[in-house]
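This report is written for someone meeting the structure for the first time. Please look over the sequence and the model before reading on.

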Amino acid sequence: MPNPVAAILGAGQAGFQVAASLRQEGFDGRIVLIGDEAVLPYQRPPLSKAYLTGQTEVDDLWLRPAEFYAKQQIDLIYGDTVTSVDRPERRLRLTSGLALSWDYLVFASGARCRPLPVPGAELDGVMMLRTLADADILRQRLDGAREVVVVGAGFIGLEFASVAVARGANVHIVEVTHRPMGRVVSEPTSRFFTEAHIRWGAKVSLGTGITRIIGHHDRVSGVETTDGRLLPADLVLICIGVIPNSELAHEAGLAVDNGIVVDGYLSVGELAIFAIGDCASFPTPFASGRVRLESVQNALDQGRCVAAALAGRPEAYEKVPWFWSDQGDLKLQIAGITTGHAEAITRGDPDSRQFSVFCFKGGRLIGVESVNRPADHAVARRLLAGDPRLSPEQAGDESYDLRAHTRSLASR
Amino acid sequence: MPKVTYVHPNGARDVLDVPLGTSVMRAAIINGIDGIVAECGGEMMCATCHVYVEADQLDRTPAQSDDEKAMLEFTASERKPNSRLSCQLVATPELDGLVVYLPETQV
């Protein structure tokens, strides 16, 4: 194909990575990277952490400076949105009226915050956090906030809560399930973080939903809970998960099931169209069935995988998933996917604030959650990349040398 | 402003003025120095900002944290005694004149 065109829909971490890796792989066609936000591609993780506190400023967020795109001959179109994808004709259209022919198409369209379907969610002072623009407003609002309600105790909600409480606000975390981060971590880790947030000064209401948000002159003033309480609020952050941006793919006739359905090569079945990052539902050896992961690691490794495929070196996507979350002075690191584990073995004493939870299923290690214990996390990533051969007894025995175990596997 | 020299595997050198408080990693990214990837943005979750510090300058660099030691196990190029994550080398007056060698590959 002379001068093929690769169109990348979405200029987040995943889309950026495809573009950057394509050039490194020697792709000599045109690369068009299309993002709907009116700014250069940037890192999202700090938005709920160091960026809110002001430790990180906006110039530290850019993935690369503006000159990078020109130098690498990446056509970056930002502040524009793709409105339709024509698969048979291999064309796409943008809001601006621009139309583009493509030979390869990569959906890296990410996800958006799931709205809370209750009355009052539109009031001023009720916010969600996904984009840099969201974070800029939230940062301002946090300055004057006294009573903060966080709806949803996932990573983002808890990270934000730890920032808000450190700023001196009264923080109330409201979670509809019975445990924080319940979708992604084991019970011992959940419990540890619940207690940590309470110790830092937050109130935590679990098993509690929101029935409506109350305002005064269009400004939020409180939140009504399913158990009939009225919590005062001048700032409410709704963080109850995301919805993958898969509508364009669906309209183009592609299969969608909690994300754009792709195969083990991240392709939709025809080798010209791929989906990666937050918007992709893919099969993985690290879970039973398909998963859709929202993480930097997933975005980067999938971006590289697709770039290699387009450069003529397709390989099945089988990278070990990893995640992290910073809450107060606690760093949570997760290797693998611990969802659905049968056995959770704690290594180390949670009271020391340095411990790991090793999760097993059918006697096999499937994931490890580490709190302030980076060496365990490093070991876990190595173990999960091969056959871990670690027993629950070994995991729980602090005198058993995990590094030696890992080395012995590597030398086998 | 501390000057930091980045030596590429082919011997080419880039010299940057790194503002106090800015990491050797961030300065490289901002200035488009190839050879520093910095996937996690300085969170010590990856090892793609790996550098080799000029051996006789090691004692001028800050001590390694447990996080950094753990992640240095994941360097794509060989880990050596003078291996560091450049996100942890934050410019101070003591680092003026620092020389770091970029590895063959980061991923």
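## Domains of chain A

The structure is a predicted model, and an assignment of domains divides chain A into domain 1, which is made of residues 5–112 and 243–310, domain 2, which covers 115–240, and domain 3, which covers 329–410.

The C-alpha centres of domain 2 and domain 3 of chain A are 31 Å apart. Between these two domains of chain A, 8 residues of domain 2 are in contact with 12 residues of domain 3, and the side of domain 2 that touches domain 3 is made up of 5 nonpolar residues, 2 polar residues and 1 charged residue.

The largest nonpolar core has 153 residues, and the members that touch the most others are Val106(A), Val150(A), Val236(A), Ala275(A) and Ile276(A). For Val150(A), when neighbours within four places in sequence are left aside, the contacts include Gly157(A), Phe160(A) and Ala161(A), together with Val171(A), Ile173(A) and Val174(A); Leu237(A) and Cys239(A) are also in contact with Val150(A).

Chain A also contains an open sheet of 3 strands in the order 18-20-21, with mixed pairing. Strand 18 (260–261) and strand 21 (290–291) of chain A are at the edges and have a single partner strand each, so one side of each has no neighbour in the sheet. Strand 20 (residues 280–283) and strand 21 of chain A run antiparallel and are joined by 2 bridges, and Phe282(A) has Val291(A), in strand 21 of chain A, as its bridge partner.

## Where chain A meets chain B

In the contact between the two chains, 17 residues of chain A are in contact with 15 residues of chain B. On the side of chain A that touches chain B, at least two residues each come from helix 3 (66–71), helix 8 (296–310), strand 22 (322–327) and helix 9 (374–385) of chain A, and the largest share, 4 residues, is supplied by helix 9 of chain A. Sorted by class, this side of chain A has 11 nonpolar, 2 polar and 4 charged residues.

## Chain B as a whole

Chain B has 2 helices and 5 strands, which follow one another along the sequence in the pattern β-β-α-β-α-β-β. Its radius of gyration is 12 Å, close to the 13 Å that the globule rule gives for 107 residues, so chain B is as compact as a globular protein of that length.

The C-alpha trace of chain B spans about 30 × 30 × 25 Å along its principal axes, and 46% of the 107 residues of chain B count as buried. Among the contacts in chain B with a separation of 6 or more, 66% are accounted for by residues 24 or more positions apart.

## Two residues with positive phi

His217(A) is not a glycine, yet it has a positive phi of about 50°. His217(A) lies in the loop between strand 13 (210–216) and strand 14 (219–225) of chain A, and it counts as exposed because it has 7 C-beta neighbours inside 10 Å.

In chain B, Ala38(B) is likewise a residue other than glycine with a positive phi, here near 60°. Ala38(B) is placed in the loop between helix 1 (24–30) and strand 3 (50–53) of chain B. Is this residue buried or exposed? Ala38(B) is buried, because 23 other C-beta atoms lie within 10 Å.

Terms used. Residues numbered from 1 in each chain as written. Chains lettered and ligands numbered in written order. Predicted model: local features only at pLDDT ≥ 70, side-chain atom pairs only at ≥ 80, totals over all residues. Core = buried A, V, L, I, M, F, W, Y, C linked by C-beta atoms within 7 Å. Buried ≥ 20, exposed ≤ 12 C-beta atoms within 10 Å, placed from the backbone. Contact = placed C-beta atoms within 7 Å. Pairing = 2+ DSSP bridges. Domains from an automatic or database assignment. Nonpolar A, V, L, I, M, F, W, Y, C, P; charged D, E, K, R; others polar. Rg over C-alpha atoms; globule rule 2.2 N^0.38 Å.
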